[in-house]
Amino acid sequence: MEKVKNYKYGEIKVKYDKRILKITLGVLFLTIIGIVIYKICSLNLGVEDIKNYVQSFGKIGPIVYIIMFALVPLTFFPDSVLAIAGGLIFGLFKGYIYTAIGALIGGTISFYISRYWGREIIKKLTKEKLDNIEVMINNKGFTIIFLLRLIPLFPFDVISYGAGLTSVKYKDFILATFVGTIPGILVFTNLGSEAVNMGSTSFYISIALLILLFVVSIFLKNKFISKELKNNTK
């Protein structure tokens, strides 16, 4: 009988220790995120300020940039500004790679935050913007996420949070995010990389591509997303 009691006591103690460890790691993780977010928000948030901040870290600048982009969904800072800064700092090729990595990590963080923290907290964070997006994603999953990612007019973070509240699989979410963000990231990082050649033909081409992206985005929004929203409200 004594052995049974000791076994149960030991089992409870192990579970308690694991819980304490999880809480400690969670607090540590949130503290680190809080410090990084504070650093990001303490910048003047202009492209040049971001450039100077990232370059001040020297060789680990790319890692700092990726972390900043990954945490953008938690700050609600416009990711397009950061993508332009990435192109200005690293050029088109490296800027795209680092931005894409940051976007995938950031999207993943938002996805799992909403999946594990639940609807009420996330709806407060996103100011009640999730209802229609959540219904659309639940109905058509990969297709809607892909289309939403093609449209810069839809906030990146709201899409990620909305997807996490649905039954969509993570692999579908991350694949749609990766493919859907290719045009936008390329256009914004290209604009940043050509900013040093302001007034040149390549610079005006980058501006034209940006305008084209928004025109196509508006078309896609009116053609598919607005139609889907109307269907969901019937």
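Trainee: Are H5 and H9 roughly parallel or roughly antiparallel to each other?

Mentor: This is a predicted model, where local features need pLDDT of at least 70 and side-chain atom pairs count only at pLDDT 80 or more, while totals for chains, interfaces and linings use all residues. H5 and H9 pack at an angle of about 30°, with their axes 7 Å apart; axes are lines fitted to C-alpha atoms, for helices over the stretch in contact, and angles run from 0 to 180 degrees between N-to-C directions. Angles under 35 degrees count as roughly parallel, over 145 as roughly antiparallel, 65 to 115 as roughly perpendicular and the rest as oblique. H5 and H9 are therefore roughly parallel.

Trainee: Which residues of H9 meet H5?

Mentor: Residues are numbered from 1 along each chain as its sequence is written, and side-chain values use heavy atoms, with hydrogens and water left out. Helices are DSSP runs (H or I, at least four residues), numbered from the N terminus, as are strands (E, at least two). Contact means heavy atoms within 4.5 Å. On the H5 side you'll find Asp79, Ala103, Gly107, Ser110, Phe111, Ile113, Ser114 and Arg115, and these meet H9 through Phe156, Ser160, Tyr161, Ala163 and Gly164.

Trainee: How many charged residues does the contact of H5 with H9 have?

Mentor: Here Ala, Val, Leu, Ile, Met, Phe, Trp, Tyr, Cys and Pro count as nonpolar, Asp, Glu, Lys and Arg as charged, and the others, Gly among them, as polar. The contact of H5 with H9 has six nonpolar residues and five polar ones, and the number of charged ones is two.

Trainee: Is Gly107 buried or exposed?

Mentor: Gly107 lies in helix H5, residues 79-117. Leaving aside neighbours within four places in sequence, Gly107 touches Phe156, Ser160 and Phe173. Buried means under 20% relative accessible area, exposed over 50%, partly exposed in between (1.4 Å probe, protein chains only). Gly107 has a relative accessible area of 0%, so it's buried.

Trainee: And what about Tyr204, is it buried or exposed?

Mentor: Tyr204 is found in helix H12, residues 201-233. With a relative accessible area of 53%, Tyr204 is exposed.

Trainee: How many residues of H9 are buried?

Mentor: H9 covers residues 156-164, and it's largely enclosed by the rest of the structure. Among its buried residues are Asp157, Ile159, Tyr161 and Gly162. Of the nine residues of H9, the number buried is nine.

Trainee: Is the crossing of H8 and H10 left-handed or right-handed?

Mentor: The axes of H8 (residues 142-150) and H10 (residues 170-180) come within 8 Å and cross at roughly 30°. That makes H8 roughly parallel to H10. A crossing is left-handed if the near helix is turned anticlockwise from the far one by less than a right angle, and right-handed if clockwise. The way H8 passes H10 is right-handed.
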